[in-house]
Amino acid sequence: MSRVDAVRAAVRSARTAQQWDPLGAMGSRPLAVLLGAAGVLWALLVSVFDRDVVGSPTLSALTVLLLAASAAVVVTASSPFRAPFPRWAFVLHVVLLGAATVASVAAQWGPDRNALNDFMSLLTATGIVVVAPYRPWRDLAIGGTVLAAVDATAWGIAAATFPHQVPTSVAAFLAAAPTLVLTGASVVFAWTFGGLASRVQIRAGSYSVARADRDGIAASVQQDRSVILGRDVAPFLTELRTRDEITDADRARARAIADGIRRAMVADADRTWFEYAVTVDGGSAESVDDPDGLIATLDTDQRTVVRTFLRAALGSATVDPARLRAVVRRAAEVRRAEEPGAPPDRVEVRLELAVDDSDVGIHRTFDPYFAVLRVTFPDLDVAVRPSSLALRFSYDQH
């Protein structure tokens with residue numbers, strides 16, 4: 001395996017289920033919201049009505065607040081418009097759950113004999129499950145192990161300080177067991193999903209988007225040349241066969257036809273896959289402003305996402321393909337005044353569409369595509385206004 005292949009394999013192994021399947025992660029987000037809200041509500045009810053040790057109301061309130069903060073982090077970071085789920089948010093989530101565990105044990109410090117109201121050992125377990133679609137399996141394994149260790153330590157110290165019939169080691173294990181079990185399940189899910197998705201992508205690469213585009217452009221070129229031959233060349237040759245001599249006018253017409261074919265061939269050679277995609281879906285190649293052909297530097301995954309959005313947008317009944325405007329430039333040229341240090345090999349793409357719909361209707365139609373674009377291009381900026389949609393994103397040349 002070459003160094004480049006090794007790097008690509010490492011990148012694929014670090015991708016999350018959200019990055020492989022943004023729409024699937026978007027669909028699972030309501031579960032994360034529901035589990036987070038249910039956990040906070042359960043902690044609140046137990047803290048108020050079901051503590052067999054009076055303990056500290058202040059620490060109980062702190063526990064609920066820490067759980068609420070953890071749930072807010074997950075709900076915010078799992079939004080498809082903030083994708084991908086950042087590592088710092090996962091670390092903060094784990095830290096808040098660990099702090100809530102310590103606060104919960106401290107809040108009911110004493111001879112606690114009712115395991116049913118020790119809610120944190122289960123909430124740390126579900127806390128790993130809700131982020132399983134958003135982080136790679138290694139992060140899940142580390143975070144779950146840390147939370148299990150916090151559970152075992154906190155309840156182990158309490159069991160040793162207030163001994164009962166259950167040995168301290170057993171109490172510590174039982175406190176950590178739910179988190180260990182669900183962490184294992186989450187790790188298996190993330191690892192299996194990533195492996196399957198990677199293998200599917202590799203197999204699909206045998207007929208890549210780039211090859212499909214080349215085939216499509218080749219077919220378009222062949223069709224254009226057939227039109228020229230049928231419209232100009234064939235009638236001209238037919239006329240020549242019926243004449244006794246070739247005149248200067250015939251020579252001039254032949255030069256004009258040859259110049260037309262030459263211009264068509266040059267235009268075909270300069271045409272990018274993006275211009276071809278625009279024209280196929282009803283737009284005009286003149287609406288694409290890409291003098292350096294930079295759009296060709298998108299990799300296969302990025303090209304797939306952009307073309308899928310383009311096809312959906314231009315095929316929508318509310319979008320006028322003739323009013324599409326696409327500008328592709330080097331980011332250093334576009335943002336020279338704003339960001340003097342912009343990398344010279346970074347490309348910025350701006351798309352503007354006229355949409356005969358309200359901003360709510362535009363979101364309803366295109367939100368799933370925005371979610372996928374956001375995962376592929378993390379700096380995606382979407383401006384939605386009534387009758388107008390503008391997108392801006394950038395990428396490194398490949």
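Predicted model: local features only at pLDDT ≥ 70, side-chain atom pairs only at ≥ 80, totals over all residues.
## Packing of H6 against H7

On the H6 side, the contact is made by Met120, Ser121, Thr124 and Ile128. These residues meet Leu140, Gly143, Gly144, Leu147, Asp151 and Trp155 of H7. Sorted by class, the contact of H6 with H7 comprises five nonpolar, four polar and one charged residues. An α-helix has 3.6 residues a turn, so residues three or four places apart point the same way.

## Burial of H6

Helix H6 is mostly covered, with seven of its 10 residues buried. The buried positions are Met120, Ser121, Leu123, Thr124, Ala125, Gly127 and Ile128. Among them, Met120, Ser121, Thr124 and Ile128 are also the residues that meet H7.

## Nonpolar cores

In soluble globular proteins, nonpolar side chains tend to be buried together. The largest nonpolar core in this model contains 36 residues. Within this core, the residues with the most contacts are Leu67, Phe85, Phe90, Phe119, Met120, Val131 and Leu140. Two or more residues each are given to this core by helix H3 (22–49), helix H4 (57–77), helix H5 (87–107), H6, H7 and helix H8 (168–204). H5 supplies the largest share, eight residues.

Phe90 illustrates the contacts in this region. Leaving aside residues up to four places away in sequence, Phe90 touches Phe85, Val131, Arg135, Asp139, Leu140 and Gly143. A second, separate core has 35 residues, including Trp273, Val288, Val305 and Phe366.

Trp273, one of the residues of the second core, is found in helix H11 (residues 273–280). The relative accessible area of Trp273 is 3%; the cut-off for burial is under 20%, so Trp273 is buried. Trp273 and Ile295 are 22 residues apart along the chain, and their C-alpha atoms are separated by 8.2 Å.

## The five-stranded sheet

Five strands form an open sheet of mixed pairing, in the order S1-S2-S3-S5-S4. At its edges are strand S1 (288–289) and strand S4 (381–385), each of which pairs on one side only. Strands of a sheet pair through backbone hydrogen bonds, either parallel or antiparallel.

S4 and strand S5 (residues 388–396) run antiparallel and are joined by five bridges. Within this pair, Val384 stands opposite Leu389 of S5, while Asp381 has Arg392 of S5 as its bridge partner. The two strands form a hairpin with two residues between them. In the turn of this hairpin, Ser387 has a positive phi of about 70°.

## The chain as a whole

The chain contains 14 helices and five strands. Of its 398 residues, 41% count as buried. Among contacts with a separation of 6 or more, 75% are between residues 24 or more positions apart.

Methods. Residues numbered from 1 in each chain as written. Heavy atoms only, no water. Contact = heavy atoms within 4.5 Å. Helix = DSSP H or I, 4+ residues; strand = E, 2+ residues; numbered from the N terminus. Nonpolar A, V, L, I, M, F, W, Y, C, P; charged D, E, K, R; others polar. Core = buried A, V, L, I, M, F, W, Y, C linked by side-chain atoms within 4.5 Å. Buried < 20%, exposed > 50% of the residue type's maximum accessible area, 1.4 Å probe, protein only. Pairing = 2+ DSSP bridges.
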